[in-house]
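Thanks for making the time this morning. I would like to go through one model with you, with the cut-offs stated as we go.

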Amino acid sequence: MVGMAMACSLASMPLTKQLSIAIIDRNPALKSGTSIKKVDFPDPRVSTVTPASISFFKDIGAWDYVQQHRHAYFDKMQVWDYTGLGYTKYHARDVSKELLGCVVENKVLHSSLFSCLQKNDCRKTIHPANLTSMSLQPSSSSVGMADSSSPSSKGLAKLELSDGSRLYAKLVVGADGSKSEVRNLAGIKESGQKYSQNAIICTVEHIVENRCAWQRFLPTGPIALLPIGEKYSNIVWTMDPKESLERKLISEDDFVKAVNGALDYGYGPHPKSSLFGEFSASGCFEVPPKVVKLVSERMVFPLSIMHADAYVAKRVALIGDAAHTVHPLAGQGVNLGFGDAFALSKVIADGVAVGSDIGEVTLLKKFEVERRVANSTMMTILDGFQKAYTVDFGPLNILRAAAFNAANLIPPLKRNIISYASGEMRFPLFA
């Protein structure tokens, strides 16, 4: 999705729309299209798109396509602790906005971006293949090509694909995920760790429509209930690997009971609104809508944090999960990637405007400087949350509850948290 967003961004800007864009991806949807039927149950793979990312999609012309399919805007969110000592409610009106975000199936985002790119008048080719090798051509000589009209390839990146084809590029953008082959072939190292946690994701059904994003921090990790449209919600439940495999295999009825317990009285009591001075109905603690049915498969995946040692090299730039991965507890992963795509496309446009070589490290470093600081800040915050909630210790529980209640009762603090999570502030807390 992030790579496709990058392509759409370049195709939408006057300075870069004349660039030749090659998309290397074996995803069959790029060849035959994605079949999205309204009668189908929502796919469990979803993204929570922030207002900043929505604005990016609107700018590149892709949001209109998203709105043609199932999606769910939400304007409030409730976060609470299993101890019953603290909770926070966020409302879009706290920052004079109409929404906090929108939950969209990944296949809808990808299809919308692809439709946008197809309708755009730009020079693009799609290669349904894998990248097998990448090297830099010597700048002192050129390699002859069968087509005499082809430009010289000296100094360019040479790409060889699994279908036998060969490409030459001024810039290779690696948006190929956490196991990025572009990163590997460019010789860029990464650091990070695997969390001792897995996440279960699935789609569930309610009797009533869910219009709020809910998240409860449990002893083994958070559980999130996210609206996905109509009477459906998405579950993202973090837990230790052994428990995740057990939860995946139990009966559907038992799983639904476990989800309802995790979102209600399981693990501990409800927070008491009156303890924290919340007297308005909109500020009181609420119980999420009951889950009545599991309507998708339960998918399990391991969690980790990773950060590339560099985002750029000669003729190479990394964006999205190829450059960084984060814990899913705040739904920020894909939004960081869209932020990368926006920033890199702007840097490329600036380079084109002054006649610079768009693959030169000196130009690409401007992108890295901007995004590394922003991404590192978010990664540190999310990693801190993850670590803080893997310890069940009395004094620490009280400190966590105090943080929740402070966010709930101090309007400037709450506004800053919302603005930062929405992507409207680069740094948290009055930056």
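What you see is a predicted model, in which local features need pLDDT of at least 70 and side-chain atom pairs count only at pLDDT 80 or more, while totals for chains, interfaces and linings use all residues. Residues are numbered from 1 along each chain as its sequence is written, and side-chain values use heavy atoms, with hydrogens and water left out.

Let me begin with helix 7, residues 241-249, whose buried residues are Glu243, Ser244 and Arg247. Down the helix axis these buried residues fall within an arc of 100 degrees, so they line one face of helix 7; the arc is that of the directions from the helix axis to the C-beta atoms. Buried here means under 20% relative accessible area, exposed means over 50%, and partly exposed is in between, with a 1.4 Å probe and protein chains only. Helices (H or I, at least four residues) and strands (E, at least two) are DSSP runs, numbered from the N terminus.

On the face turned away from the buried side, helix 7 carries the exposed residues Lys242 and Leu249. What do the buried residues of helix 7 pack against? Their partners are strand 12 (190-205), strand 15 (232-239), helix 8 (252-262) and strand 17 (299-308), where contact means heavy atoms within 4.5 Å. At the start of the helix, a side-chain oxygen of Asp240 comes to within 3.1 Å of the backbone nitrogen of Lys242.

Now to the spaces. On a 1 Å grid over the protein atoms alone, a cavity is a set of points where a 1.4 Å probe fits but cannot get out, whereas a pocket is an open set with protein on both sides within 12 Å along at least five of seven lines, and lining residues have an atom within 4 Å of a point. Grid points are joined across faces, edges and corners, and a volume is the space filled by probe spheres set on the points.

By this rule there is 1 cavity of 30 Å³ or more, and the largest cavity holds about 50 Å³ of space. Its lining has 10 residues, of which Gly221, Pro222, Phe385, Gln386 and Tyr389 are the closest to its centre. Strand 14 (221-229) and helix 10 (361-388) are the elements that give two or more residues to that lining.

The second largest pocket has a volume of about 460 Å³ and is lined by 23 residues, with Ala52, Asn335, Gly339, Arg371 and Gly423 nearest its centre. Helix 9 provides the largest share of this lining, 6 residues.

Finally, the single residues. Asp383, in helix 10, counts as buried at 17% relative accessibility, and beyond its neighbours within four places in sequence it is in contact with Gln193, Tyr195 and Ile305.

Most residues other than glycine have a negative phi. Glu230, which is not a glycine, has a positive phi of about 60 degrees; this residue lies in the loop between strand 14 and strand 15 and is partly exposed, with a relative accessible area of 32%. Arg315 also has a positive phi, near 65 degrees, and is found in the loop between strand 18 (312-313) and strand 19 (316-318), where Arg315 is buried, with a relative accessible area of 5%.

How values were computed
A polar contact is a pair of N or O atoms within 3.5 Å; within protein, one must be able to donate a hydrogen and the other to accept it, and residues adjacent in sequence count only if both atoms are side-chain atoms.
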